[in-house]
Amino acid sequence: MGTHVIKMPDIGEGIAEVELSVWHVKVGDMVVEDQVLADVMTDKAMVDIPSPVHGKVIALGGQPGEVMAVGSVLISIEVEGAGNVKESAEPVAAVKEAPVAPAKVETVVASKPAATQRPAAVCQGPMVAREADERPLASPAVRKHALDLGIQLRLVRGTGPAGRILHEDLDAYLAQGQSNASSTVAAYAERNDEQQIPVIGMRRKIAQRMQDATQRAAHFSYVEEIDVTAVEELRAHLNEKHGATRGKLTLLPFLVRAMVVALRDFPQINARYDDEAQVITRLGAVHVGVATQSDIGLMVPVVRHAEARSLWDSAAEISRLATAARNGKASRDELSGSTITLTSLGALGGIVSTPVLNLPEVAIVGVNKIVERPMVIKGQIVIRKMMNLSSSFDHRVVDGMDAAQFIQAIRGLLEQPATLFVE
């Protein structure tokens, strides 16, 4: 038997160190070639580290949240044969063997199961006991569903990767005879437990970028009300006529198109600002970042060359990128290079928001929810579908009048949607 040491690989782009986000294995596990061992976080994306060999894990080289240099020891695996470490060498002894139980870290990612991962456990009983301070793994949607049902997640057995609780697990819990009433009563019991959640991985990157953006850029926001009745009627008509063959359209492709057309007259807004070099770069290509919420935090996949895409092309690309981001499959290239960002909370969009810039961009367009309201048009009170755009700009680069005129241009295009396609 020998030892095969896997070192932190050179991920490229001049990256000298990365953050170890989560282990998918622990000491003593048997692994096979191509099985994902760990996820590491760069400035731009989450990267899987696969195993090049079959063997048994004998040591882990770091703990989640630790920043590791490229070339440092990541993991040691006992293999058949000589391995890649001489017997006189002592890299294994220097490796830490203190794996952290992922179930207690909210930012754990389990984007795909390992090749030889054991089948998900089948619920053997009505509930599973956890320690009072142990936070079960579950997505925000599952947590809300459990809250609505009056279920304590710590009592539910998770059958997803790394023990993650799925919607199906909530259904299985209820099917086992646990009544909503008993769970609701338990939810009113006095609690004194506390939990400490390490800010690591994607959550750390988000925190750093948001803090950096608010400290460096001179934010200002501009809010305008838009009548989207006409564009919503057009969207419904196109979906009825072409939805079965070309796919369904949401409002986002229309917004992307409106931004592309409006930016022709406002090139200073489709730009990046290097505040260290004091250089503004205006770009002809419109690469629209679409802010997407995932289980591991906010990600911004990029619709490249939106200026050259049709409505359906944009819709398909937005859907593809959103799915990749939510599943942890988006590549570094798909998460970088945007020139302006579009952010929307959909039905949860509220009335007004103040989005934070995605540096080094100088503008972000925020979409609020659509509501029906009585409006006065030509002296008559009519019901219209109204929506606010809450957008932020970097005042170091974009003047207030330019920002207002840009949003007004988008408003005009959406309220008269035929103008979106007039060249």
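Analyst: Two strands pair if DSSP finds at least two bridges between them. Helices (H or I, at least four residues) and strands (E, at least two) are themselves DSSP runs, numbered from the N terminus. This is a predicted model: local features need pLDDT of at least 70, side-chain atom pairs count only at pLDDT 80 or more, and totals for chains, interfaces and linings use all residues. Residues are numbered from 1 along each chain as its sequence is written, and side-chain values use heavy atoms, with hydrogens and water left out.

Strand E6 (residues 55–60) runs antiparallel to strand E8 (residues 73–79), and four bridges join them. Lys56 faces Glu78 of E8 across this pairing. Both strands belong to an open sheet of four, in the order E1-E8-E6-E3, with antiparallel pairing. At the edges are strand E1 (2–7) and strand E3 (30–31), each of which pairs on one side only.

Now the whole chain. The protein has eight helices and 18 strands. Of its 423 residues, 46% are buried; that means under 20% relative accessible area, while over 50% is exposed and anything in between is partly exposed (1.4 Å probe, protein chains only). A contact is a case of heavy atoms within 4.5 Å. Take the contacts between residues at least 6 apart in sequence: 67% of them join residues at least 24 apart.

Ile15 gives an example. It lies in the loop between E1 and E2. Beyond its neighbours within four places in sequence, Ile15 touches Asp10, Thr42 and Val70. Val70 is 55 residues from Ile15 in sequence, yet their C-alpha atoms are 7.8 Å apart.

The part to look at closely is helix H8 (residues 400–415). How does the span of its 16 residues compare with 1.5 Å a residue? The expected span is 1.5 Å times one less than the number of residues. For H8 that gives 22 Å, and the end C-alpha atoms are 22 Å apart, so the two agree.

Look at Phe406 in particular. It counts as buried because its relative accessibility is 0%. Phe406 also takes part in ring pairs. Rings of Phe, Tyr and Trp (its six-membered ring) pair if their centres lie within 6.5 Å; planes under 30 degrees apart are stacked, over 60 edge-to-face, and the rest tilted. The structure holds three such aromatic pairs. In one, the ring centres of Phe266 and Phe406 are 6.1 Å apart and the planes stand at 70 degrees, so the pair is edge-to-face. Phe266 sits in the loop between helix H6 (252–263) and strand E10 (271–274), and Phe406 sits in H8, so this pair ties together parts 140 residues apart in sequence. Phe266 is buried too, because its relative accessible area is 10%.

Phe393 is another partner. Its ring centre lies 6.5 Å from that of Phe406, and the planes meet at 85 degrees, so this pair is also edge-to-face. Phe393 belongs to strand E18 (residues 380–394), 13 residues from Phe406 in H8, and the pair links distant parts of the chain. At 0% relative accessible area, Phe393 is buried. Phe220, Phe266, Phe393 and Phe406 make up one aromatic cluster.

Apart from neighbours within four places in sequence, Leu238 is in contact with Gly243, Leu249, Phe254, Leu311 and Trp312. Its C-alpha atom is 8.3 Å from that of Lys248, ten residues along the chain.

Gly201, Met202, Lys205, Ile206 and Ala213 are buried in H4. They lie on the same side of H4, because they cover an arc of only 135 degrees around the axis (taken from the directions from the helix axis to the C-beta atoms). Their cover includes strand E2 (17–23), strand E4 (36–41), strand E9 (219–227) and strand E14 (297–299).
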